[in-house]
Amino acid sequence: MRVSKAPEERKQEILRTAMRLFTQQGYENTSMRDIAREMNVVQGLCYRYFDSKQKLFEEAMDTYAEECCASFIRVLHDPGLSLEEKLDWMFESIKQDGLALRYEEFFHKPENEDFHRQLAMRLCEKLKPHLIQELNRYAQARGKTLKFPSVTVDLITYGQIAPLSRSVKPSDAELDELKRLVYALIEQSFTPE
């Protein structure tokens with residue numbers, strides 16, 4: 001018996017099923033047919049929403065990037081925390097693996113290092129406007145101006161891709177050094193108004 005679902009619900013089901021299979025079997029070993037079979041639907045249904053496995057994966061990665069960023073964005077916009085507390089929380093979460101992300105296992109496999117870098121780029125894109133907003137708020141509260149907000153945030157975010165995207169997690173000492181460098185960059189980026 002055919003089950004009819006709302007288009008957005010069906011699309012999300014395809015994305016979830018695909019990521020689950022990519023995690024279990026690997027990206028290369030998962031086909032659109034496998035995804036359809038797992039969902040107990042015809043393969044054409046998957047192609048109605050995504051015209052290729054690559055496009056499906058890209059959207060799944062984008063959805064996952066939003067999920068990964070949600071707690072960081074929530075903390076960044078918490079008015080009860082100082083900028084230092086927000087950044088400390090972010091680095092501590094990375095250290096402790098406190099985010100317990102659904103597909104972390106897939107993206108941290110050595111053979112998926114390129115996918116991890118792609119995900120990291122998407123995370124940076126999603127975090128950038130929020131970090132700019134927070135750094136500008138921090139600067140204004142201190143009677144300062146952030147000279148080049150976009151450049152500063154690009155260095156803070158994109159500058160961490162290589163060390164954080166490796167299949168081997170950075171040591172606590174390396175993460176402490178990254179944090180020290182981020183704080184130094186932020187302080188050097190302000191000028192009096």
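1. How many residues does the largest nonpolar core have, and which have the most contacts inside it? In this predicted model, the core comprises 27 residues, and those with the most contacts inside it are Met19, Phe22, Ile35, Leu56, Phe57, Phe106 and Phe107. A nonpolar core is a set of buried Ala, Val, Leu, Ile, Met, Phe, Trp, Tyr and Cys residues joined through side-chain atoms within 4.5 Å; buried denotes under 20% relative accessible area, exposed over 50%, partly exposed in between (1.4 Å probe, protein chains only).

2. The model is predicted, with local features requiring pLDDT of at least 70 and side-chain atom pairs pLDDT 80 or more, whereas totals for chains, interfaces and linings use all residues. Numbering starts from 1 along each chain as its sequence is written, and side-chain values use heavy atoms, without hydrogens and water.

3. The whole structure contains 13 aromatic pairs (ring centres of Phe, Tyr or the six-membered ring of Trp within 6.5 Å; planes under 30 degrees apart are stacked, over 60 edge-to-face, the rest tilted). Phe22 and Phe57 pair edge-to-face, at 5.4 Å centre to centre and 75 degrees between the planes. Both Phe22 and Phe57 are buried.

4. Tyr138 and Phe190 form a tilted pair, with 5.5 Å between centres and 40 degrees between planes. Because Tyr138 lies in helix α7 and Phe190 in strand β2 (residues 190–192), the pair ties together parts 52 residues apart in sequence; helices (H or I, at least four residues) and strands (E, at least two) are DSSP runs, numbered from the N terminus. Tyr138 and Phe190 are both buried.

5. Ring pairs also join Phe22, Tyr27, Phe57, Tyr64, Phe106, Phe107 and Phe115 into a cluster.
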